Amino acid sequence: MVPALTRRPGADGHFTDAERAFVDAATARIIPTDDTGAGAREAGVTQFIESQLAGDFGDAARWYMQGPFKDGTDEQGYQLPLTPAQLYSAAIRAVDQHCRDFFGGRVFADLDAEEQDEVLRGLEAGEPELGDVDSRSFFKMLRANTVEGFLSDPMYGGNQGFVGWRLIGFPGPRYDYTRFIGRHGEPFPLPPVGILGRDGFI
Amino acid sequence: MPTKLPPVDVLLVGFGWTAAILGEELAQAGLEVLALERGQFRDTVPDFAMPQIQDELRYAVRHEMFQEPARQTITFRNNHAQTALPMRRLGSFNPGTGVGGAGVHWNGQHWRFLPNDFRQRSHVEERYGADFIPEGMTIQDWGVTYEELEPHFDRFEYLCGTSGVAGNLNGEITAQGNPFEGPRSRDYPNPPLERSLGTLLFDKAAREAGFHPFPAPASNTSRPYRNPLGVQMGKCTYCGYCEWFGCANYSKSTPQTTILPVLLNRSNFSLRTNCNVTRIKLDRSGKRATGAIYVDSSGEEHEQPADLVILSAYATHNVHLLLLSGIGEVYDPKTRSGTLGRNYAYQMVSGVDVFVEENLNPFMGAGALGQAIDDFNGDNFDHGPHGFIGGAYVALWTTGGRPILQHQLPQGTPEWGSAWKQAMAENYLRSASLSVHGSVMSYNDAHLDLDPTYRDAYGDPLMRLTFDFHDNERRMSRFVTARAEEIARAMRPRSYTVNQRQGPYSIVPYQTTHNTGGAVMGDDPSTSVVNRYLQHWDVPNLFVMGACVFPQNAGYNPTGTVGALTYWAAEAIKTRYLKNPGPLVDA
Ligand SMILES: Cc1cc2nc3c(=O)[nH]c(=O)nc-3n(C[C@H](O)[C@H](O)[C@H](O)COP(=O)(O)OP(=O)(O)OC[C@H]3O[C@@H](n4cnc5c(N)ncnc54)[C@H](O)[C@@H]3O)c2cc1C
Ligand code: SF4
């Protein structure tokens with residue numbers, strides 16, 4: 001085990017333009033830029049997700065992916081035969097098709113914010129049926145990856161400028177709180193730091 | 001044909017907590033000991049070094065230190081009417097892999113089970129009558145008592161440098177500790193960790209509610225400590241990256257920080273990593289283990305002969321290896337015959353999230369920095385009016401504030417959008433969680449066997465888990481969660497959310513890596529796999545370590561008791577078995 005960056009060369013070429021536009025639009029609704037400040041877009045969440053999907057996570061490298069694949073109960077968890085990368089590309093294709101059918105030929109990225117929220121709420125509730133792709137599973141994964149991109153170390157491509165950590169008040173990974181642990185209730189005085197240092201982004 | 005290697009005296013299968021303890025005990029006694037570990041070698045430097053180890057995405061979210069389901073997993077169903085399906089990605093529990101096992105990435109919440117827990121059936125029958133035990137519940141006594149284990153609990157705590165304060169010193173109840181604990185022969189080796197604001201708020205509120213809070217025992221060292229093996233540990237810096245990570249600071253008690261510096265230097269001890277054991281071999285009589293078969297990283301099979309074989313591969317893997325090797329009669333839930341795989345149990349967890357006014361700085365913490373009450377654990381209260389068996393501790397742990405997975409949001413907060421973001425900004429620093437960590441009794445329909453369909457990377461059947469929670473546990477959990485709610489209210493928070501345990505047991509959300517049973521210990525070979533010394537009833541030169549020997553699970557994290565049982569077995573091996581290899585108890 002040696003330190004590894006999962007941000008791999010070539011990661012930026014993982015998505016098609018249509019996929020990138022979808023992810024960019026959807027994550028910007030999941031964590032919007034608003035009164036509380038920067039959102040998924042400023043954090044670089046699309047870039048984060050793209051590089052995650054280009055790596056081991058996207059390949060389901062650690063998951064058990066042997067068949068037979070059967071539908072199970074909710075308690076039995078994820079049973080789709082798709083890796084995360086496959087799930088994203090199949091789901092995005094299906095959602096964009098659904099949008100074209102219902103919103104006068106426009107894909108998801110071209111809808112206005114309200115319409116986008118409506119589609120996302122539908123996916124969250126398991127609608128519409130997207131053929132082989134389970135819309136609830138996709139939404140769950142997209143939502144989880146968006147939060148990861150907003151709140152993980154900036155070296156993975158998201159949380160740029162520590163926007164996620166600044167929002168909530170997390171000062172980043174630190175080695176030694178011995179001098180602070182007894183100072184109950186006081187705000188922690190130092191600005192965020194990342195694994196690669198203060199700029200936190202390479 | 002596997003290549004046959006030169007024999008050793010003792011073969012340890014797996015090299016985590018229990019194997020490290022036994023390895024040191026038996027190598028110290030002069031035996032030639034070999035450990036086979038499926039994962040990689042790893043140590044504080046370089047593998048747990050700062051700052052790369054403090055990476056929530058890599059270790060906690062993507063599970064880099066844990067077992068890869070791609071290589072091996074289990075299948076799961078709630079009941080016999082369902083078809084078990086593979087746990088395709090980790091969820092409910094995170095078995096370890098690599099040197100140190102789950103001992104590397106545990107929290108260090110270091111408990112002793114209660115004296116009555118070891119006499120579960122007898123105690124309930126004596127106090128409440130045999131009718132108190134519901135139909136289908138298969139609880140039993142352990143065959144070993146708290147008094148017998150006390151010196152071994154003590155040894156394990158002194159090995160670890162556990163930080164805490166005694167509640168019961170040789171029968172005297174003290175002011176600051178847990179008044180409900182079993183008598184201990186001396187105090188903890190180190191004083192409690194420093195308190196976080198959250199734990200102080202909990203302490204005050206629990207007292208107001210009429211309970212008896214105390215600093216939870218922590219195998220995170222509150223000051224520099226040299227253990228009886230001469231291994232030096234450093235003072236915990238409250239970095240908040242304990243569980244799911246390795247400790248960079250030599251402060252969390254792990255095999256690496258307490259035993260390995262001594263053991264790995266012994267010339268009569270050797271370790272082979274990247275070696276996955278697939279079978280325990282028996283001779284023709286079926287009454288003697290001759291060694292183990294393993295596959296190395298190049299995919300080659302080897303046979304390793306040994307005089308004494310010890311399963312120390314974690315609770316679930318120990319049972320899996322017994323099943324794959326055909327050792328013992330597999331439990332059949334229809335006929336209730338057989339013992340192997342019987343009495344699987346787990347942990348019943350629920351909680352109350354509190355949203356307070358104060359800034360709690362949740363990111364400063366340690367894996368076992370907590371304040372707890374034990375008033376409603378085990379049989380510390382009269383169960384008569386309640387009609388259930390078992391209990392739970394309630395604790396507020398300040399283990400860290402890793403932002404992706406360790407945040408609480410008030411009830412009704414949407415999962416995304418501006419309202420989610422707003423709630424994150426308002427609550428991350430000002431919330432905490434009270435956890436209700438409860439027992440699970442054993443039942444005749446909860447068990448482990450081999451799956452008929454799915455196979456692991458070695459071509460062997462996966463183990464199949466059939467498990468659900470029962471009414472007894474749900475009632476226990478509701479009752480203790482309501483007590484936690486009383487504490488939450490007394491904290492006078494802005495708001496709180498009660499997270500009752502609802503619906504069937506699910507393999508999806510992380511709960512605890514406290515799997516128990518399947519190869520249980522006892523006095524009667526018709527209801528146990530190993531005797532009171534953890535020696536296999538049918539194969540006396542095979543011993544089985546780990547929580548798989550628990551006949552049912554108590555309301556505590558298991559490792560304090562697992563460690564004590566390991567020392568207890570080591571002593572029996574050293575002082576009795578080696579002199580006269582054979583059954584230590586007549587069947
Ligand atoms: C995230 C987490 C937090 C925890 N926190 C706590 C806590 O706070 N308090 C507590 O009491 N307990 C806790 N635990 C549980 C604790 O880690 C275990 O009880 C303890 O490590 C069990 O020791 P063991 O020797 O049985 O297994 P392990 O320490 O896991 O060691 C087993 C070893 O065997 C190896 N192995 C498995 N199969 C094979 C095979 N076929 N061939 C070769 N090698 C094999 C594994 O790779 C592993 O290294 C926690 C566990 C986890 C995962
Ligand atoms: S909190 Fe303490 S024991 Fe835990 S990893 Fe950090 S320094 Fe080590």
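Modeller: Residues are numbered from 1 along each chain as its sequence is written, and chains are lettered from A and ligands numbered from 1 in the order in which they are written. In this predicted model, local features need pLDDT of at least 70, side-chain atom pairs count only at pLDDT 80 or more, and totals for chains, interfaces and linings use all residues, while side-chain values use heavy atoms, with hydrogens and water left out.

Biologist: Why is B:L26 called buried?

Modeller: Buried means under 20% relative accessible area, exposed over 50%, and partly exposed in between (1.4 Å probe, protein chains only). B:L26 has a relative accessible area of 0%, and is therefore buried. B:L26 belongs to helix α1 of chain B, and its C-alpha atom is separated by 9.2 Å from that of B:F269, 243 residues apart along the chain.

Biologist: What makes B:G518 count as buried?

Modeller: The relative accessibility of B:G518 is 0%, so B:G518 counts as buried. B:G518 is found in the loop between β21 (495–499) and β22 (542–544) of chain B. Between the C-alpha atoms of B:G518 and B:Y533, 15 residues apart along the chain, the separation is 16 Å.

Biologist: Which polar backbone atom lies 2.9 Å from an oxygen atom of ligand 1, and what makes such a pair a polar contact?

Modeller: The backbone atom belongs to B:G98. A polar contact is a pair of N or O atoms within 3.5 Å; within protein, one must be able to donate a hydrogen and the other to accept it, and residues adjacent in sequence count only if both atoms are side-chain atoms. The 2.9 Å pair of B:G98 and ligand 1 is therefore a polar contact. A nitrogen atom of ligand 1 also lies 2.8 Å from a backbone N or O atom of B:Q109, and a polar side-chain atom of B:N107 is 3.1 Å from a nitrogen atom of ligand 1.

Biologist: How many residues are around ligand 1, and which come nearest?

Modeller: There are 35, with B:T18, B:E37, B:G98, B:Q109 and B:T559 nearest; a residue is near a molecule or strand if one of its heavy atoms lies within 4 Å of it. In chain B, α1 (17–28) and β12 (276–282) each supply at least two residues of this shell.

Biologist: Which residues come nearest to ligand 2?

Modeller: Of the 13 residues around ligand 2, these are B:C236, B:C239, B:Y241, B:C242 and B:C247.

How values were computed: Helices (H or I, at least four residues) and strands (E, at least two) are DSSP runs, numbered from the N terminus.
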